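User: Can you walk me through this one? I'm new to it.
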Amino acid sequence: MAPLILLFLTSTLSLLPLGASQTNTTTTTDTIEVSALIAVFDSWNILGMLNRPHDPCAPTAWLNAPKENLVVNCNCSSPVDNTCHIVELKVSGLNIVGEIPNELFDLKELVQLDLSQNLLSGQVPPAIGSLSNMSFLDLSMNKLSGNVPSELGNLTKLYSLSFRSNRFNGVLPEELGNLTSLQYLYFDSSGVTGDLPHELAKLRKLKALWVFDNDITGTVPSFIGSLKDLTDLRIYGTSLKGPIPTIFSALEKLEVLILGDLIPPDSSLSFLENLTSLSILSLRNSQITGQIPDYLGEFVNLTYLDLSFNNLSGQIPRSFQNFSSLQHLYLGTNNLTGDLPTGIITPNLTALDVSFNPISGSLPYDHNKEGFSMNFIGTLIDSRRIYDSRSSDILYCLHEDTSCSGQNLTSSSSSFSVKCGGKKIFASGTEFYEDSDVLGAADFRLNTTHQWVVSNVGSHPSNPNSSHYIVTTNAEILGTSEPELYKTARVSPSSLRYYAVGLVNGKYTVNLHFAEIVISDNSSSWKGLGKRLFDIYIQGNRVLQDFNIIDEAKGSKRAMNKTFEANVTNSVMDIHFFWAGKGTCCIPYEGTYGPLVSAIHVYPDFNRTNLPSTHKEGMAGRLVGFASLCIAGAAILSSIVYLRWKWTAIGRTQTHSAPEEKS
């Protein structure tokens, strides 16, 4: 995610940053502000960081303070007297525990206030509305609760406002519409609910609006289309309904548009035609129908395009062969048809996902270029020139319109176990197959020996190269006698699927193993505020929604299992871990979200008495054959024993008669 915009006060203010020297040695800090700052720091147990508590604007006042976490800047240019006023206060990343004390609001001259990345709790006091000079306010990544105070609407000079990743509730106050100078508004993962107030339409200077991972309801607000200065709009992981308003076509300055996880009715792509400034466009899982317009291929600034998990039809536009800057292209899980354009792998493209579409044709000649990954499972693309017949048979079975009852495979099995993201391991008497290959942003791996497939799709839009697909830990894993099973995991920022192919049809138990080894549950650090949520589908049926490993396991780095029953009717088991836009995005670091799984174990619920008839016949045939072999083997062994005995007896006779002949 793009960093929050920081204001740097110049021209009209003479600021005294940490460690700077005062030009007028007779200046002193306003006594009311001194008392307020001492009270605030005392309540937060950080008063010891202040060398000179009675003169916080002095150049030697903060020698003990970590400069990246604690900043006090002062304005000492008062024409009336020699008093310094505190205009900037940053207390960030210090894991401050407690509430926001009312004494903070005695710092009447504050212009910038940054309290992010702490453990502040309780409600934001209404007195915050008295800081009328405020232009920058960051309360993000805390445990603040209650309603977002309507008094924020009094801060009409605000330029940037963030209260993301908190525990607020209730609707946004309509008074936020008074902040007509606001350019940056971030409240993702804040906990707010309900409809977005129409008063936000008055924020005509708004450049960035992040709404995601909140239970926002209603339809996608059309008033957003009137915010024509927007360059960065992110709305996903909500309860909003479509369609996407056609007035969004007026947002011609948009550079980043991430809109997803919409509830029907459907939308089309018709609003995009004028949005030629886009560099990141993601409409993933947005109920999009119709065809992909040709003009998208002429968006010269596009580096990231994600139209996956929709119901798009028609062919992939030939104009997509013209992309000059595109690096990531995700078109999977649609209804696209026709041949794959031969020149779709453009010079800068590093990831291409066309999986689960009825498209055909051949793989592009440069599909195996260095640094490039392509996912085409679930398609009709001809891969026989690069895969042997066994691999091709496995891929054939993953297309939804094919019948795969074992006839395309050389053998069948009745179990499947994999150690996600790790080496082969034996645990609880079960062999878990190795799954340690590094996957790309649109990639899959075939295991022909045991007939299974792992598929990954997705990357972090703002920083695709930062995405991690395997995570590891050396920490102790609690709650299990098999801790090594949980020390590696596969993760994905979008979609992670496992397929067992060639299974005997019947009823199975699916045992999924989890341990959260990335997000901490450390209650003494802001890094423990992260939240991973994802959905799980088995055989196309959603079995878990908004699954949270830490909540289920009662902590991070604790093992837990989830068990389900599933029927195999076409020799294929499909286990899908899917991110639906929920959870925090950036705790403990940017891109920490999406599904995570440690291991999978699938085993049959049937026995010889309730096997499917085809398998019974096969089993019976194998038993008869085995019995025949045993009988034949026994006969041969008996003959060998008899002949050996006979030979030995003859030998003995000859041995005893020889001396007689000599005598």
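User: Is Asp261 buried or exposed?
Analyst: This is a predicted model, where local features need pLDDT of at least 70, side-chain atom pairs count only at pLDDT 80 or more, and totals for chains, interfaces and linings use all residues. Residues are numbered from 1 along each chain as its sequence is written, and side-chain values use heavy atoms, leaving out hydrogens and water. Buried means under 20% relative accessible area, exposed over 50% and partly exposed in between, with a 1.4 Å probe and protein chains only. Asp261 comes out at 9% relative accessibility, so the label is buried.

User: Which residue forms a salt bridge with Asp261?
Analyst: A salt bridge here is a side-chain nitrogen of Lys or Arg within 4 Å of a carboxyl oxygen of Asp or Glu. The closest N and O atoms of this pair are 3.9 Å apart, and the partner is Arg284.

User: How many residues apart in sequence are the parts that Arg284 and Asp261 tie together?
Analyst: Arg284 lies in the loop between strands S18 (280-282) and S19 (289-291). Asp261 sits in the loop between S17 (256-259) and S18, so the parts tied together are apart in sequence by 23 residues. (Strands are DSSP E runs of at least two residues, helices H or I runs of at least four, numbered from the N terminus.)

User: What is the relative accessible area of Ser391?
Analyst: Ser391 belongs to helix H2, residues 389-397. Beyond neighbours within four places in sequence, Ser391 is in contact (heavy atoms within 4.5 Å) with Leu446 and Thr448. Ser391 is buried, with a relative accessible area of 6%.
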